[in-house]
Amino acid sequence: ETATRAAAERAVAAIATPFHTAGREIRLEANAGVALFPRDSNELDGLILRAERALERAKRARRAVAFYRRDSDAASHHSLYLESDLRAAIEREELSIVYQPICYLPTGEILGLEALTRWEHPTRGPINPGSFVELAERGGFIDRIDRWALREATSQLATWSRLGSNVLVTVNMAAQTLSDPTLPRYIEELLQETGAPADLLVLEVTERTALEDYDSSAGVLKSLRETGVGVALDDFGRGYSSLATLDQLPISFLKLDAGFTRGIGTSLKDEYLMRAVKLFTKGIGMPFVAEGIETEAQRTWLIQQGIRFGQGYLFSRPTACENIVPPRNSRASARLLPPLPADVPRSPN
Ligand code: G
Ligand code: MN
(Lines give C-alpha, C1' and ligand atoms only; values in the text may rest on other atoms or scores of the structure.)
(Ligands and ions follow the chains in the order given, each with its own letter.)
Protein backbone atom coordinates (compact mmCIF):
# COMPACT_ATOMS: atom_id res chain seq x y z
CA GLU A 1 0.00 0.00 0.00
CA THR A 2 2.86 2.40 0.82
CA ALA A 3 4.47 2.04 -2.61
CA THR A 4 1.11 2.40 -4.39
CA ARG A 5 0.28 5.48 -2.36
CA ALA A 6 3.61 7.08 -3.28
CA ALA A 7 3.02 6.34 -6.98
CA ALA A 8 -0.52 7.75 -6.86
CA GLU A 9 0.66 10.86 -5.04
CA ARG A 10 3.38 11.41 -7.66
CA ALA A 11 0.78 11.13 -10.43
CA VAL A 12 -1.59 13.58 -8.75
CA ALA A 13 1.27 16.02 -8.10
CA ALA A 14 2.39 15.78 -11.74
CA ILE A 15 -1.09 16.64 -12.99
CA ALA A 16 -1.40 19.47 -10.48
CA THR A 17 1.83 21.14 -11.60
CA PRO A 18 0.92 24.40 -13.37
CA PHE A 19 1.93 24.59 -17.02
CA HIS A 20 1.89 27.26 -19.71
CA THR A 21 0.19 27.15 -23.04
CA ALA A 22 -0.64 29.97 -25.44
CA GLY A 23 0.77 32.40 -22.90
CA ARG A 24 -1.61 31.34 -20.13
CA GLU A 25 -0.94 29.45 -16.96
CA ILE A 26 -3.13 26.38 -16.58
CA ARG A 27 -3.69 24.71 -13.22
CA LEU A 28 -5.43 21.35 -12.99
CA GLU A 29 -6.69 19.53 -9.95
CA ALA A 30 -6.69 15.78 -9.51
CA ASN A 31 -7.66 13.12 -7.01
CA ALA A 32 -6.95 9.41 -7.09
CA GLY A 33 -8.99 6.47 -5.86
CA VAL A 34 -7.15 3.18 -5.49
CA ALA A 35 -8.37 -0.40 -5.39
CA LEU A 36 -5.85 -3.22 -5.11
CA PHE A 37 -5.83 -6.51 -6.99
CA PRO A 38 -6.57 -9.10 -5.65
CA ARG A 39 -7.21 -7.72 -2.15
CA ASP A 40 -10.23 -5.59 -3.06
CA SER A 41 -11.56 -7.62 -5.96
CA ASN A 42 -10.24 -10.15 -8.45
CA GLU A 43 -12.52 -8.95 -11.23
CA LEU A 44 -11.94 -5.93 -13.47
CA ASP A 45 -15.47 -4.55 -13.01
CA GLY A 46 -15.24 -4.95 -9.26
CA LEU A 47 -11.87 -3.22 -9.13
CA ILE A 48 -13.07 -0.27 -11.18
CA LEU A 49 -16.20 0.12 -9.11
CA ARG A 50 -14.22 0.06 -5.87
CA ALA A 51 -11.60 2.44 -7.17
CA GLU A 52 -14.47 4.80 -8.05
CA ARG A 53 -15.85 4.47 -4.56
CA ALA A 54 -12.42 5.34 -3.16
CA LEU A 55 -12.24 8.30 -5.55
CA GLU A 56 -15.56 9.62 -4.26
CA ARG A 57 -14.12 9.45 -0.76
CA ALA A 58 -10.94 11.25 -1.83
CA LYS A 59 -12.99 14.09 -3.34
CA ARG A 60 -15.29 14.39 -0.35
CA ALA A 61 -12.36 14.47 2.07
CA ARG A 62 -10.36 16.76 -0.27
CA ARG A 63 -7.46 14.35 -0.17
CA ALA A 64 -5.16 13.63 -3.08
CA VAL A 65 -5.31 9.87 -2.68
CA ALA A 66 -7.76 7.49 -1.02
CA PHE A 67 -7.76 3.71 -0.83
CA TYR A 68 -10.83 1.55 -1.02
CA ARG A 69 -11.91 0.55 2.49
CA ARG A 70 -14.09 -2.51 2.71
CA ASP A 71 -15.47 -1.73 6.14
CA SER A 72 -16.03 1.97 5.41
CA ASP A 73 -18.99 1.19 3.23
CA ALA A 74 -20.78 -2.04 4.01
CA ALA A 75 -23.82 -0.93 2.00
CA SER A 76 -21.87 -0.51 -1.22
CA HIS A 77 -20.23 -3.88 -0.69
CA HIS A 78 -23.68 -5.35 -0.46
CA SER A 79 -24.74 -3.55 -3.64
CA LEU A 80 -21.80 -5.08 -5.54
CA TYR A 81 -23.31 -8.53 -5.11
CA LEU A 82 -26.70 -7.17 -6.07
CA GLU A 83 -25.17 -5.55 -9.11
CA SER A 84 -23.71 -8.76 -10.46
CA ASP A 85 -27.06 -10.46 -9.81
CA LEU A 86 -28.77 -7.73 -11.81
CA ARG A 87 -26.35 -8.16 -14.72
CA ALA A 88 -27.44 -11.80 -14.86
CA ALA A 89 -31.13 -11.10 -14.28
CA ILE A 90 -32.02 -10.63 -17.95
CA GLU A 91 -30.69 -14.05 -18.99
CA ARG A 92 -32.20 -15.66 -15.90
CA GLU A 93 -35.57 -14.20 -16.84
CA GLU A 94 -36.05 -12.52 -13.48
CA LEU A 95 -37.20 -9.26 -15.06
CA SER A 96 -40.80 -8.73 -16.00
CA ILE A 97 -42.98 -5.86 -17.15
CA VAL A 98 -46.19 -4.53 -15.66
CA TYR A 99 -48.34 -1.90 -17.36
CA GLN A 100 -50.08 1.08 -15.81
CA PRO A 101 -52.87 2.81 -17.74
CA ILE A 102 -52.78 6.45 -18.79
CA CYS A 103 -56.45 7.47 -18.79
CA TYR A 104 -58.86 10.02 -20.17
CA LEU A 105 -59.90 11.63 -16.89
CA PRO A 106 -63.60 12.33 -17.55
CA THR A 107 -64.39 8.71 -18.52
CA GLY A 108 -61.47 6.64 -17.23
CA GLU A 109 -60.97 5.28 -20.75
CA ILE A 110 -57.48 3.81 -21.29
CA LEU A 111 -55.45 5.79 -23.82
CA GLY A 112 -52.00 4.42 -23.11
CA LEU A 113 -50.12 1.86 -21.05
CA GLU A 114 -46.80 2.67 -19.39
CA ALA A 115 -44.41 -0.29 -19.28
CA LEU A 116 -42.67 -0.55 -15.90
CA THR A 117 -39.87 -3.07 -15.33
CA ARG A 118 -39.93 -5.21 -12.21
CA TRP A 119 -37.15 -7.39 -10.81
CA GLU A 120 -37.91 -10.40 -8.68
CA HIS A 121 -34.65 -11.46 -7.00
CA PRO A 122 -34.48 -15.25 -6.48
CA THR A 123 -33.78 -14.94 -2.74
CA ARG A 124 -34.53 -11.32 -1.83
CA GLY A 125 -37.86 -11.06 -3.59
CA PRO A 126 -39.01 -7.92 -5.43
CA ILE A 127 -36.36 -5.19 -5.60
CA ASN A 128 -37.50 -1.57 -5.61
CA PRO A 129 -37.35 -0.29 -9.22
CA GLY A 130 -35.76 3.02 -8.19
CA SER A 131 -32.82 1.26 -6.60
CA PHE A 132 -32.13 -1.33 -9.29
CA VAL A 133 -32.32 1.29 -12.03
CA GLU A 134 -29.76 3.37 -10.14
CA LEU A 135 -27.59 0.32 -9.66
CA ALA A 136 -27.64 -0.41 -13.40
CA GLU A 137 -26.95 3.24 -14.24
CA ARG A 138 -23.92 3.32 -11.97
CA GLY A 139 -22.77 -0.04 -13.31
CA GLY A 140 -23.08 1.27 -16.87
CA PHE A 141 -25.47 -1.40 -18.17
CA ILE A 142 -28.86 0.31 -17.90
CA ASP A 143 -29.03 0.30 -21.71
CA ARG A 144 -29.24 -3.50 -21.69
CA ILE A 145 -32.23 -3.37 -19.36
CA ASP A 146 -33.88 -0.54 -21.30
CA ARG A 147 -33.41 -2.34 -24.60
CA TRP A 148 -34.82 -5.52 -23.09
CA ALA A 149 -37.87 -3.56 -21.88
CA LEU A 150 -38.26 -1.97 -25.31
CA ARG A 151 -38.23 -5.38 -26.96
CA GLU A 152 -40.83 -6.79 -24.55
CA ALA A 153 -43.09 -3.75 -24.72
CA THR A 154 -42.90 -3.49 -28.51
CA SER A 155 -43.86 -7.10 -28.94
CA GLN A 156 -46.75 -6.65 -26.47
CA LEU A 157 -47.81 -3.56 -28.41
CA ALA A 158 -47.84 -5.63 -31.60
CA THR A 159 -50.05 -8.23 -29.94
CA TRP A 160 -52.52 -5.65 -28.65
CA SER A 161 -52.62 -3.84 -31.94
CA ARG A 162 -53.34 -7.09 -33.81
CA LEU A 163 -56.32 -7.50 -31.46
CA GLY A 164 -57.66 -4.20 -32.74
CA SER A 165 -56.50 -1.86 -30.00
CA ASN A 166 -54.81 1.44 -30.74
CA VAL A 167 -53.70 2.19 -27.21
CA LEU A 168 -50.22 3.71 -26.86
CA VAL A 169 -47.42 1.85 -25.10
CA THR A 170 -44.81 4.00 -23.35
CA VAL A 171 -41.34 2.86 -22.22
CA ASN A 172 -38.97 4.68 -19.84
CA MET A 173 -35.46 5.46 -21.13
CA ALA A 174 -32.31 6.32 -19.20
CA ALA A 175 -29.79 8.93 -20.36
CA GLN A 176 -27.19 6.33 -21.35
CA THR A 177 -29.69 4.47 -23.51
CA LEU A 178 -30.93 7.61 -25.17
CA SER A 179 -27.53 9.03 -26.06
CA ASP A 180 -26.58 5.95 -28.09
CA PRO A 181 -26.83 6.88 -31.80
CA THR A 182 -27.69 3.26 -32.70
CA LEU A 183 -30.95 3.41 -30.70
CA PRO A 184 -33.25 4.62 -33.53
CA ARG A 185 -31.95 1.80 -35.72
CA TYR A 186 -32.56 -0.73 -32.92
CA ILE A 187 -36.11 0.51 -32.46
CA GLU A 188 -36.83 0.44 -36.17
CA GLU A 189 -35.68 -3.18 -36.31
CA LEU A 190 -37.90 -4.03 -33.35
CA LEU A 191 -40.88 -2.42 -35.04
CA GLN A 192 -40.21 -4.35 -38.23
CA GLU A 193 -39.65 -7.67 -36.47
CA THR A 194 -42.77 -7.42 -34.34
CA GLY A 195 -45.02 -5.53 -36.73
CA ALA A 196 -45.88 -2.99 -34.02
CA PRO A 197 -47.05 0.41 -35.34
CA ALA A 198 -44.43 3.11 -34.75
CA ASP A 199 -47.03 5.75 -34.02
CA LEU A 200 -48.30 3.84 -30.98
CA LEU A 201 -44.86 3.58 -29.35
CA VAL A 202 -43.74 6.38 -27.04
CA LEU A 203 -40.44 6.79 -25.18
CA GLU A 204 -40.63 8.45 -21.77
CA VAL A 205 -37.58 10.55 -21.03
CA THR A 206 -36.90 12.88 -18.15
CA GLU A 207 -35.45 16.27 -18.77
CA ARG A 208 -32.28 15.25 -16.99
CA THR A 209 -32.07 12.25 -19.32
CA ALA A 210 -32.49 14.38 -22.42
CA LEU A 211 -30.09 17.09 -21.31
CA GLU A 212 -27.31 15.03 -19.73
CA ASP A 213 -25.77 14.39 -23.10
CA TYR A 214 -27.83 16.90 -25.04
CA ASP A 215 -26.00 16.76 -28.36
CA SER A 216 -26.35 13.03 -28.89
CA SER A 217 -29.76 12.73 -27.21
CA ALA A 218 -31.34 15.53 -29.20
CA GLY A 219 -30.18 13.87 -32.43
CA VAL A 220 -31.54 10.49 -31.33
CA LEU A 221 -34.88 12.02 -30.31
CA LYS A 222 -35.12 13.82 -33.62
CA SER A 223 -34.53 10.70 -35.72
CA LEU A 224 -37.00 8.79 -33.57
CA ARG A 225 -39.65 11.43 -34.18
CA GLU A 226 -38.97 11.07 -37.90
CA THR A 227 -39.75 7.36 -37.74
CA GLY A 228 -43.05 8.20 -36.02
CA VAL A 229 -42.17 7.12 -32.48
CA GLY A 230 -43.46 9.54 -29.83
CA VAL A 231 -41.54 11.14 -26.97
CA ALA A 232 -43.08 12.03 -23.60
CA LEU A 233 -41.36 14.23 -21.04
CA ASP A 234 -41.59 12.34 -17.73
CA ASP A 235 -41.51 13.57 -14.12
CA PHE A 236 -41.83 17.17 -15.25
CA GLY A 237 -41.35 19.58 -12.35
CA ARG A 238 -39.01 17.38 -10.35
CA GLY A 239 -35.85 19.40 -10.05
CA TYR A 240 -34.57 19.81 -13.58
CA SER A 241 -37.42 21.33 -15.48
CA SER A 242 -37.29 24.51 -17.42
CA LEU A 243 -40.17 25.69 -19.55
CA ALA A 244 -37.73 26.78 -22.23
CA THR A 245 -36.48 23.28 -23.08
CA LEU A 246 -40.07 22.13 -23.63
CA ASP A 247 -39.88 24.08 -26.82
CA GLN A 248 -36.45 22.79 -27.88
CA LEU A 249 -37.02 19.07 -27.55
CA PRO A 250 -39.36 17.18 -29.88
CA ILE A 251 -41.87 16.35 -27.13
CA SER A 252 -45.28 14.85 -27.91
CA PHE A 253 -46.75 15.15 -24.41
CA LEU A 254 -45.77 16.08 -20.90
CA LYS A 255 -46.19 14.11 -17.67
CA LEU A 256 -46.31 16.26 -14.58
CA ASP A 257 -44.65 14.74 -11.52
CA ALA A 258 -46.90 13.04 -8.96
CA GLY A 259 -45.66 15.42 -6.27
CA PHE A 260 -47.92 18.18 -7.63
CA THR A 261 -51.00 15.95 -7.72
CA ARG A 262 -50.37 15.20 -4.06
CA GLY A 263 -50.54 18.93 -3.39
CA ILE A 264 -54.11 19.26 -4.71
CA GLY A 265 -56.32 20.43 -1.86
CA THR A 266 -53.36 20.95 0.47
CA SER A 267 -50.88 23.20 -1.33
CA LEU A 268 -52.03 26.33 -3.15
CA LYS A 269 -48.56 26.66 -4.62
CA ASP A 270 -48.81 23.23 -6.28
CA GLU A 271 -52.27 24.09 -7.56
CA TYR A 272 -51.10 27.37 -9.09
CA LEU A 273 -48.16 25.63 -10.66
CA MET A 274 -50.37 23.01 -12.29
CA ARG A 275 -52.64 25.70 -13.64
CA ALA A 276 -49.65 27.59 -15.04
CA VAL A 277 -48.26 24.49 -16.75
CA LYS A 278 -51.73 23.73 -18.10
CA LEU A 279 -51.99 27.24 -19.56
CA PHE A 280 -48.56 26.99 -21.15
CA THR A 281 -48.97 23.49 -22.63
CA LYS A 282 -52.42 24.37 -23.93
CA GLY A 283 -50.93 27.42 -25.63
CA ILE A 284 -48.33 25.37 -27.48
CA GLY A 285 -50.75 22.51 -28.18
CA MET A 286 -49.04 19.90 -26.01
CA PRO A 287 -51.14 17.32 -24.11
CA PHE A 288 -50.61 17.20 -20.35
CA VAL A 289 -50.77 14.05 -18.22
CA ALA A 290 -51.02 14.32 -14.42
CA GLU A 291 -49.23 11.49 -12.60
CA GLY A 292 -49.98 9.89 -9.25
CA ILE A 293 -53.77 10.42 -9.08
CA GLU A 294 -55.02 8.52 -6.04
CA THR A 295 -58.32 10.15 -5.08
CA GLU A 296 -61.61 11.09 -6.69
CA ALA A 297 -61.15 14.63 -5.32
CA GLN A 298 -57.85 15.02 -7.19
CA ARG A 299 -59.45 13.78 -10.39
CA THR A 300 -62.38 16.20 -10.06
CA TRP A 301 -60.06 19.16 -9.47
CA LEU A 302 -57.92 18.24 -12.49
CA ILE A 303 -60.97 17.98 -14.76
CA GLN A 304 -62.14 21.40 -13.51
CA GLN A 305 -58.79 22.84 -14.61
CA GLY A 306 -59.20 21.38 -18.09
CA ILE A 307 -56.53 18.75 -17.47
CA ARG A 308 -57.85 15.73 -19.33
CA PHE A 309 -55.21 13.03 -19.00
CA GLY A 310 -53.88 11.24 -15.96
CA GLN A 311 -52.40 8.17 -14.40
CA GLY A 312 -52.39 6.73 -10.89
CA TYR A 313 -53.64 4.16 -8.42
CA LEU A 314 -57.17 5.61 -8.63
CA PHE A 315 -57.44 4.08 -12.10
CA SER A 316 -55.11 1.13 -11.75
CA ARG A 317 -51.92 -0.13 -10.17
CA PRO A 318 -49.29 -1.41 -12.60
CA THR A 319 -50.62 -4.78 -13.77
CA ALA A 320 -49.33 -7.84 -15.65
CA CYS A 321 -50.30 -7.85 -19.33
CA GLU A 322 -52.50 -10.96 -18.97
CA ASN A 323 -54.86 -8.92 -16.81
CA ILE A 324 -55.19 -5.98 -19.18
CA VAL A 325 -57.76 -5.66 -21.92
CA PRO A 326 -56.95 -2.55 -23.93
CA PRO A 327 -60.07 -1.09 -25.54
CA ARG A 328 -60.58 -1.36 -29.29
CA ASN A 329 -61.05 1.66 -31.49
CA SER A 330 -60.41 4.32 -28.91
CA ARG A 331 -58.94 7.43 -30.45
CA ALA A 332 -56.07 7.11 -28.02
CA SER A 333 -53.14 7.95 -30.25
CA ALA A 334 -54.84 10.96 -31.79
CA ARG A 335 -55.64 12.43 -28.38
CA LEU A 336 -52.22 12.07 -26.83
CA LEU A 337 -50.14 12.48 -29.95
CA PRO A 338 -51.27 15.56 -31.82
CA PRO A 339 -48.89 17.08 -34.38
CA LEU A 340 -45.62 18.26 -32.86
CA PRO A 341 -45.67 21.70 -31.29
CA ALA A 342 -43.34 22.88 -34.05
CA ASP A 343 -46.08 22.13 -36.59
CA VAL A 344 -48.68 24.13 -34.69
CA PRO A 345 -49.11 27.62 -36.11
CA ARG A 346 -47.85 30.17 -33.63
CA SER A 347 -49.21 33.59 -33.00
CA PRO A 348 -46.71 36.37 -33.88
CA ASN A 349 -44.38 37.01 -30.92
O1 G B 1 -40.80 8.05 -12.91
P2 G B 1 -42.11 7.44 -13.31
O3 G B 1 -43.22 8.44 -13.40
O4 G B 1 -41.99 6.61 -14.58
O5 G B 1 -42.47 6.43 -12.11
C6 G B 1 -43.54 5.59 -12.12
C7 G B 1 -43.62 4.91 -10.75
O8 G B 1 -44.66 5.51 -9.96
C9 G B 1 -43.94 3.44 -10.84
O10 G B 1 -43.01 2.72 -10.07
C11 G B 1 -45.36 3.31 -10.30
O12 G B 1 -45.54 2.10 -9.62
C13 G B 1 -45.48 4.51 -9.37
N14 G B 1 -46.87 5.01 -9.30
C15 G B 1 -47.74 5.00 -10.30
N16 G B 1 -48.94 5.55 -9.94
C17 G B 1 -48.82 5.90 -8.63
C18 G B 1 -49.72 6.50 -7.66
O19 G B 1 -50.88 6.82 -7.92
N20 G B 1 -49.22 6.71 -6.41
C21 G B 1 -47.94 6.38 -6.07
N22 G B 1 -47.54 6.62 -4.83
N23 G B 1 -47.07 5.81 -6.94
C24 G B 1 -47.49 5.56 -8.22
MN1 MN C 1 -42.59 7.15 -16.51
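Me: In this predicted model, how far does a polar side-chain atom of Gln100 lie from a nitrogen atom of ligand 1?

Reply: A polar contact is a pair of N or O atoms within 3.5 Å. The separation between the Gln100 side chain and that nitrogen atom of ligand 1 is 3.0 Å.

Me: Which residues are the closest to ligand 1, and which strand gives the most to its shell?

Reply: Of the 14 residues that surround ligand 1, the closest are Gln100, Glu114, Glu291, Glu294 and Tyr313. Strand 6 (109-121) and strand 10 (230-236) each supply at least two residues of the shell, and strand 6 gives the most, with three residues.

Me: Which protein residues are donors of the manganese ion (ligand 2)?

Reply: The ion has Glu114 (OE), Asn172 (OD1), Glu204 (OE) and Asp234 (OD) as its protein donors, at 2.1 to 2.5 Å. Their spacing along the chain is E-x57-N-x31-E-x29-D. Asn172 belongs to strand 8 (residues 168-172) and Glu204 to strand 9 (residues 201-206), so this pair ties together parts 32 residues apart in sequence.

Me: Are Asn172 and Glu204 buried or partly exposed?

Reply: Buried means under 20% relative accessible area. Asn172, at 25%, is partly exposed, whereas Glu204, at 1%, is buried.

How values were computed
Residues numbered from 1 in each chain as written. Chains lettered and ligands numbered in written order. Predicted model: local features only at pLDDT ≥ 70, side-chain atom pairs only at ≥ 80, totals over all residues. Heavy atoms only, no water. Donors = N, O, S within 2.8 Å, 3.2 Å for Na, K, Ca; no water. Helix = DSSP H or I, 4+ residues; strand = E, 2+ residues; numbered from the N terminus. Buried < 20%, exposed > 50% of the residue type's maximum accessible area, 1.4 Å probe, protein only. Near = heavy atom within 4 Å. Polar contact = N/O pair within 3.5 Å; in protein donor to acceptor, adjacent residues only side chain to side chain.
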